[in-house]
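Work through the exercises below with the sequence and the model side by side. Try each task before reading its solution.

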Amino acid sequence: VGSWLLNLSSEESEWSDEMFSIWGFDSTKDAPGLDLIISRVHSEDLELFNKCLAETINLGTSFDIEFRICIPDGEQKVVRSICKPSFGGDGEVISIMGATQDITSQKQFEEAQVKYQRLQAIGEMSASIAHDFNNALQQVMGNLEIVKNKKEFSHSTLERLNSIGSIIMNVADRV
């Protein structure tokens, strides 16, 4: 988790070392300006980021949002940023401060969990369908045996009935 502070009148900011690491900036240099920060926000998340930032600066509201950032080395991260304004004597926002956390690993874990749960549900559903299908095949096989035992059939009819039985067993094995 990195922390930061932005003085709105001077447009100077202070960043913790972890902020530099999260955003992929060189910590031996000054904190980047707002334009450079905005350039690293994923294009699909830029509207949310700008809206929340504008509301904090103009209306004095806090925010707690998740968005993606794109590091120049090609890496994409998911971050959670919490921001709170500080007010001057006239009630105007004079600075904003906050914390940013890299939650990429957490999001990847959550996505893997969802995928696992879906696969588990599909497996349970498949097992239930297979069980029901095998029950139906057992009923067909039972009725076939009853028919074979009740009547005297010609040799060719009995072969056909036995063939039907073999087909049913083959299907049951496949299920």
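Contact means heavy atoms within 4.5 Å. Helices (H or I, at least four residues) and strands (E, at least two) are DSSP runs, numbered from the N terminus. Buried means under 20% relative accessible area, exposed over 50%, and partly exposed in between (1.4 Å probe, protein chains only). This is a predicted model: local features need pLDDT of at least 70, side-chain atom pairs count only at pLDDT 80 or more, and totals for chains, interfaces and linings use all residues. Residues are numbered from 1 along each chain as its sequence is written, and side-chain values use heavy atoms, with hydrogens and water left out.

**Exercise 1.** Find the buried side of helix α3 and state what packs against it.

Solution. 
1. Helix α3 covers residues 46-59.
2. The buried residues in α3 are Phe49, Cys52, Leu53 and Thr56. They lie on the same side of α3 because they cover an arc of only 95 degrees around the axis, the arc being that of the directions from the helix axis to the C-beta atoms.
3. An α-helix has 3.6 residues a turn, so residues three or four places apart point the same way.
4. Packed against the buried residues of α3 are α2 (34-40), β3 (63-70), β4 and β5 (93-102).
5. The face turned away carries Glu47, Asn58 and Leu59, which are exposed.
6. After α3 comes Gly60, with a positive phi near 75 degrees.

**Exercise 2.** How many disulfides does the model contain?

Solution. 
1. A disulfide is a pair of cysteine sulfur atoms within 2.5 Å.
2. By this rule the count is zero.
3. For Cys52, the nearest cysteine sulfur is that of Cys83, 9.1 Å away.
4. Cys52 is buried, at 8% relative accessible area, and Cys83 is buried too, at 1% relative accessibility.

**Exercise 3.** Is Val78 buried or exposed, and which residues does Val78 contact?

Solution. 
1. Val78 sits in strand β4 (residues 76-87).
2. Val78 counts as buried because its relative accessibility is 18%.
3. Neighbours within four places in sequence aside, Val78 is in contact with Phe67, Arg68, Gln101, Asp102, Ile103, Thr104 and Lys107.

**Exercise 4.** Locate the buried and exposed residues of helix α5.

Solution. 
1. Leu161, Gly165 and Ile168 are buried in α5. Their arc around the axis is only 60 degrees, so they are on the same side of α5.
2. On the other side of α5, the exposed residues are His155, Arg160, Ile167, Asp173 and Arg174.
3. The cover over the buried residues of α5 includes α4 (104-150).

Notes. Expected span 1.5 Å × (residues − 1).
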